[in-house]
Amino acid sequence: MTNTFNKVSESIRSASVWQQKYREIMLLGKTLPSLPTALKIDDALVPGCESKVWMYVEFDLTENVLVVAGDSDTRIVKGLLALILALYNGLTPEQVLQVNAYNEFEKLGLISHLSPSRGNGIKAMVEKIQTMAKQKLI
């Protein structure tokens with residue numbers, strides 16, 4: 001797990017009730033820079049997400065790490081996306097495959113409050129990142 005994830009998730013972790021956690025996720029979404037309109041194309045949409053989620057997963061050859069950028073058309077999903085990006089950005093492909101996002105979201109007390117469609121969306125985003133990591137290991 002990255003230090004960035006620990007930092008951005010601290011306010012969510014410390015919130016005692018769902019309404020506070022929800023608010024912190026929404027605030028976190030505001031910190032995620034929006035993708036330029038030119039990058040919000042159909043090819044970048046993550047299949048399996050009910051909301052529109054555009055995601056780019058790149059591989060930094062000089063650092064040997066994944067770099068992920070994304071955006072969403074809904075505030076709550078944008079906040080969840082910011083958590084995912086903080087969890088995976090800057091990890092090597094091997095490290096990406098060792099991270100269990102579901103467990104990390106469970107530790108934050110989020111899984112039981114997310115609708116099935118939001119849970120599926122998180123799974124789809126994580127799968128896109130993991131697929132890119134697997135391709136780099138081949």
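Modeller: Helices are DSSP runs of H or I with at least four residues, strands are E runs of at least two, and both are numbered from the N terminus. This is a predicted model, where local features need pLDDT of at least 70, side-chain atom pairs need pLDDT 80 or more, and totals for chains, interfaces and linings use all residues. Residues count from 1 along each chain as its sequence is written, and side-chain values use heavy atoms, without hydrogens or water.

Start with the count. There are six salt bridges (a Lys or Arg side-chain nitrogen within 4 Å of an Asp or Glu carboxyl oxygen).

Take helix 1 to begin with. It runs over residues 3-14 and holds both R13 and E10. These two form a salt bridge, with the closest N and O atoms 3.3 Å apart. R13 and E10 are about one helical turn from each other because they sit three residues apart in that helix. R13 has a relative accessible area of 34%, so it is partly exposed (buried is under 20%, exposed over 50%, partly exposed in between, with a 1.4 Å probe and protein chains only). E10, at 42%, is partly exposed too.

Next comes R23. Its salt-bridge partner is E24, and their closest N and O atoms lie 3.6 Å apart.

Now helix 5, residues 101-107. K107 pairs with E104 in a salt bridge, at 3.3 Å between the closest N and O atoms. Both residues lie in this helix, three residues apart, or about one turn. Their surroundings contrast. K107 is exposed, because its relative accessibility is 57%. E104 is buried, because its relative accessible area is 10%.

The remaining stop is a network. Salt bridges link K40, D71 and K78. Look closely at K78, which is found in helix 3. With a relative accessible area of 11%, K78 is therefore buried. Its side chain makes a polar contact of 3.2 Å with that of D71 (N or O atoms within 3.5 Å; within protein, one able to donate a hydrogen and the other to accept it, and sequence neighbours count only through two side-chain atoms). K78 also touches G29, L32, P33, S34 and S72, leaving aside residues up to four places away in sequence (contact means heavy atoms within 4.5 Å).

The largest nonpolar core has 41 residues (buried Ala, Val, Leu, Ile, Met, Phe, Trp, Tyr and Cys, joined through side-chain atoms within 4.5 Å). Helix 1, helix 2, strand 1, strand 2, helix 3 (75-88), helix 5 and helix 6 (116-137) each give two or more residues to this core. Helix 3 supplies the largest share, eleven residues. The members that touch the most others are L80, L83, Y88, L110, M125 and I129. Beyond residues up to four places away in sequence, Y88 touches L66, V96, V99, A101, V126, I129 and Q130.

One last point concerns the loop between strand 1 (53-60) and strand 2 (65-72), which contains N64. N64 is not a glycine, yet its phi is positive, at about 60°. Its relative accessibility is 36%, so N64 counts as partly exposed.
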